[in-house]
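Hello,

Here is the structure I promised to pass on. My notes on some of its helices follow below it.

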Amino acid sequence: MTKRHGYALLAAVLAVIVVVSAAIYIGVTGADDDTKDQLSASPRGPRNSAAPASSGTWVGTWSASPAGAEPGTEARGMAGRSVRNVVHTSVGGESTRITLSNLYGTRPLTVTHASVAVATASNNPTAAAGTLRRLTFRGDTSVVIQPGQQIVSDAVRLRVPHDSDLLVTTFSPTASGPVTYHPHARQISYVADGDHTEDPSGSAYHEQSPYWRYLAAVDVLSSETDGTVVVIGDSITDGITSTMGANRRWTDVLADRLREDSGAPRYSVVNQGISGNRVLSDGRPGARGGPGANPSGLARFDRDVLGRTGVKAVVIALGINDILRNPQETDPRRITEGLRELTRQAHARGLRVVGATLMPFGGHRGYTPALEGVRQAVNKEIRSGKVFDSVVDFDKALRDPYDPRALLDRYDSGDNLHPSDEGFRRMAQAFDPADLKGSSAAEL
């Protein structure tokens, strides 16, 4: 073979290699996201936690405020157990990430494995086929969260549907002290002995729980949502009397409205209600210098509202517990000034604020004519336009027209204070979505 013929043969071989390589590249990059995930996933384990595409907006699809330390967990926490939290999405997205909290812990919380998946059905601990994703934290599967701190996971690619249940599972091998939790979830979650974070099946999750543990937020990367509405409130916002597992809190219904109404702002809704919460006063003091349970709206506003992902507007529904719970606040000016301070803090971040009037509680065991007078005075100031940018008049929407001191019967859960499912729906119907993007500001 001459040198010229050798060069020609080499060139031909190189050309074939280039063509074959290009075909392989096109075949892989041209695949859809599900196909690419399948190529990178093991047959039995969770799919690859690939970094998400950069398009879209990060918004909150679910959240719950840490409310205290779970009684009975002071010694061992959830050591040696898998906690599978079931949470309901407000909006969907192409990728997701979670926030874990050790706010009420007294020792470092070690999480060695965590996962996220779409539930196969509502109120079910089993993951839908092919949706389980291993979570990492700065590239590691294990993370240590110091007392009083929280951490956000790395993003994973997962098509999260709107209005659906997600399963967020954590495993802690060692004792960590008190568990940071949200007690009135109105949703059943699950617990298993041993590490079952990456089990798609729910068969190991024999224990049911009415709490959310450690999990504080779930965000999604969405191409259909422009921002997040954060609602801060008390047990009425927490949905304490709504049907268990049915997602009938008034914030759930509002999220449906914003998603389905073509003229509404493209916002998600996250619920930062804590049962018993007040504007001015904290709940129980913390142990050994730690944070107190049920911190006031003023104390938690920066963390629970301003610190949420993609927040564009704030809804404030607080004040009734300041009147009803000891020490009772009988000066309406102090309550409205506290609410006004929350508005100032939101305005400092350029956020729109919608505030709610206080609903009636006639017939409740704590009712007195004097306290009713305080409620009426607070509502008068709220309606004046000098507290919030816009007002949603829950009082007017749910009160009995023949006895304005009380809830209308069909809106009353039976305790003369908290709404029924129908009452929660009425609250969401009374809300004008246009107020979330109004231009007028309160005259503070």
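This is a predicted model: local features need pLDDT of at least 70, side-chain atom pairs count only at pLDDT 80 or more; totals for chains, interfaces and linings use all residues.

Residues are numbered from 1 along each chain as its sequence is written, and side-chain values use heavy atoms, leaving out hydrogens and water.

Helix 7 itself covers residues 332-348. At its start, a side-chain oxygen of Asp-331 comes to within 3.0 Å of the backbone nitrogen of Arg-333. Its buried residues (under 20% relative accessible area, 1.4 Å probe, protein chains only) include Ile-335, Leu-339, Arg-340 and Leu-342. Among the elements they pack against are strand 20 (352-356) and helix 8 (369-383).

Helix 5 is another neighbour: its axis comes within 10 Å of that of helix 7, and the two cross at roughly 30 degrees. They are therefore roughly parallel (an angle under 35 degrees). The contact (heavy atoms within 4.5 Å) involves Leu-298 and Phe-301 of helix 5, among others, and residues including Leu-342 and Ala-346 of helix 7.

Helix 4 and helix 10 make a further pair, packed at about 45 degrees with axes 8 Å apart. Residues meeting there include Trp-250 and Leu-254 in helix 4, and Phe-424 and Met-427 in helix 10.

Best wishes

How values were computed
Helices (H or I, at least four residues) and strands (E, at least two) are DSSP runs, numbered from the N terminus. The expected span of a helix is 1.5 Å times one less than its number of residues. Buried means under 20% relative accessible area, exposed over 50%, partly exposed in between (1.4 Å probe, protein chains only). A polar contact is a pair of N or O atoms within 3.5 Å; within protein, one must be able to donate a hydrogen and the other to accept it, and residues adjacent in sequence count only if both atoms are side-chain atoms. Axes are lines fitted to C-alpha atoms, for helices over the stretch in contact, and angles run from 0 to 180 degrees between N-to-C directions. Angles under 35 degrees count as roughly parallel, over 145 as roughly antiparallel, 65 to 115 as roughly perpendicular and the rest as oblique.
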